[in-house]
Amino acid sequence: MADFDLDRRQLMGVLALGAVAGAVGLPEVAFAQGRGSGPSSSAIQAALDNAYGKYRGLNEGKNADYIPALAEVPSNFFGIAIVTGDGTVYQAGDSKQEFSIQSVSKPITAALVMQESGSKLIEDSVGVDATGQVFNSITAVEQYRGKEMNPLVNPGAIATVGNVKGTPDEVWNKIIGIHSDMAGRQLQVNQPVYQSEAATNQRNRAIGALMSAYERFPSDPAVAVDLYTRQCSINVNAVDLATMAATLAFGGRNPVTKKQVLDPSIVPGVLAIMATAGMYDDSGKWAFHTGGVPAKSGVGGGILAVVPGKFGIGTFAPPLDDAGNSVRGQKAIIDIVNELKANPYAQFG
Ligand code: DON
């Protein structure tokens, strides 16, 4: 008998593996979460403070340095924020410290294209499947001629920008506009980071040219890569990421400004792509520890995580692991999700 006993934590991991690998269906309980009342204010602040206190001294990982300006950001910055459905903002540490959004921008621009041209355009052009490859893999492009990937890896993200309609100025205004609406304030580009990446992004230019050759987007590839680079350089803080996450958690309505930023019908698709590919080739590991909480990381050290119907989390800590995900940010979110019982596979009634 004891041989067949699974304890709660083991069972959550088995369910997470099944969801990512398709071995079993998502349990009904995964969809039951979200509409009920969320955790209390004191429980949220305590979870946040606990995670901050536990990991603030952790020294693992290393700043990204392939974009030279990112190597210069102090590694000890650590901020966490949570935004709930009533617009309350909970914070700890360097939650107002600005940094470049990097890849956390990718689901936002994917949402823009899905809203403007329909979700099918994303599904048909770059795909909605995890690649299992690093985020700037050329092998992943070559495998299916730029299809069968997703908007959260560099090739798919560049093609996504290249699918926004309009002149370069119009495209840029739409991109900065939707990011600002999701954050609830006017965002700006971090010029030193933009210049630094623009001077060293030969690989992305090659990826853009390749995706254009495979006709994955209609615009000039050099323009698409430049707009993508600017998008990645938008300055945000952890509170901005938590507000963006909360906007996704509540059907596209920013709970702080009350503005309906996204059409609710596209939100489930955006979250599904984040759940399967938001943490790159470590998305399975992430699902194992969080129950597949939709999230997106960036090499600037930011992570945005969404607990649908309950709250959004934003973190900032520059040192990354080998997959390109913030070490302290991941640990903090995993602890918060589990402490606040937000793992959808841990809802046993
Ligand atoms: O294109 C790049 O390489 C960066 N601007 C963004 C990459 C990134 O953030 C990957 N994230 N983990």
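Lys 341 is placed in the segment after H16. Its phi is near 55 degrees, a positive value in a residue other than glycine. The model is predicted, so local features need pLDDT of at least 70 and side-chain atom pairs count only at pLDDT 80 or more, while totals for chains, interfaces and linings use all residues. Residues are numbered from 1 along each chain as its sequence is written, and side-chain values use heavy atoms, with hydrogens and water left out.

**Chain overview**

- The chain holds 16 helices and seven strands (DSSP runs numbered from the N terminus, H or I of at least four residues for helices and E of at least two for strands).
- Of its 349 residues, 55% count as buried (buried is under 20% relative accessible area, exposed is over 50%, and partly exposed is in between, with a 1.4 Å probe and protein chains only).
- The accessible surface of the chain is about 14200 Å² (Shrake-Rupley method, 1.4 Å probe), and 52% of that surface belongs to carbon and sulfur atoms.
- Among contacts between residues at least 6 apart in sequence, 71% join residues at least 24 apart (a contact means heavy atoms within 4.5 Å).

**Confidence**

- The average pLDDT of the chain is 91 (the predictor's confidence in each residue, from 0 to 100), and 89% of the residues score at least 70.
- Over residues 1-6 pLDDT stays under 50, and the model has two contacts beyond four places in sequence for this stretch.
- Residues 22-36 also stay under 50 in pLDDT, and for them the model has 21 contacts beyond four places in sequence.
- Where pLDDT is low, the predicted coordinates should not be read in detail.

**Helix packing: H10 and H12**

- Helix H10 (residues 191-198) packs with helix H12 (residues 221-232) at an angle of about 140 degrees, and their axes are 9 Å apart (axes are lines fitted to C-alpha atoms over the stretch in contact, and angles run from 0 to 180 degrees between N-to-C directions).
- H10 is therefore oblique to H12 (under 35 degrees counts as roughly parallel, over 145 as roughly antiparallel, 65 to 115 as roughly perpendicular, and the rest as oblique).
- On the H10 side the contact is made by Tyr 194, Glu 197 and Ala 198, and on the H12 side by Asp 226, Tyr 228, Thr 229, Arg 230 and Cys 232.

**Helix packing: H3 and H16**

- Helix H3 (residues 41-55) and helix H16 (residues 327-339) pack at about 145 degrees, with their axes 9 Å apart.
- The crossing of H3 and H16 is right-handed.
- H3 contributes Ala 46, Ala 47, Leu 48, Asn 50, Ala 51, Lys 54 and Tyr 55, which meet Arg 328, Lys 331, Ala 332, Asp 335, Ile 336 and Glu 339 of H16.

**Positive phi outside glycine**

- Arg 145 is not a glycine, yet has a positive phi of about 50 degrees.
- Arg 145 is in the loop between helix H7 (139-143) and helix H8 (154-161), and its relative accessibility of 52% makes it exposed.
- Lys 341 is exposed as well, with a relative accessible area of 60%.

**Ala 249**

- Ala 249 belongs to helix H13 (residues 238-249) and is buried, at 3% relative accessibility.
- Leaving aside residues up to four places away in sequence, Ala 249 touches Val 306, Val 307, Pro 308, Gly 309 and Phe 311.
- Ala 249 and Gly 312 are 63 residues apart in sequence, but their C-alpha atoms are 6.3 Å apart in space.

Note on methods:
A crossing is left-handed if the near helix is turned anticlockwise from the far one by less than a right angle, and right-handed if clockwise.
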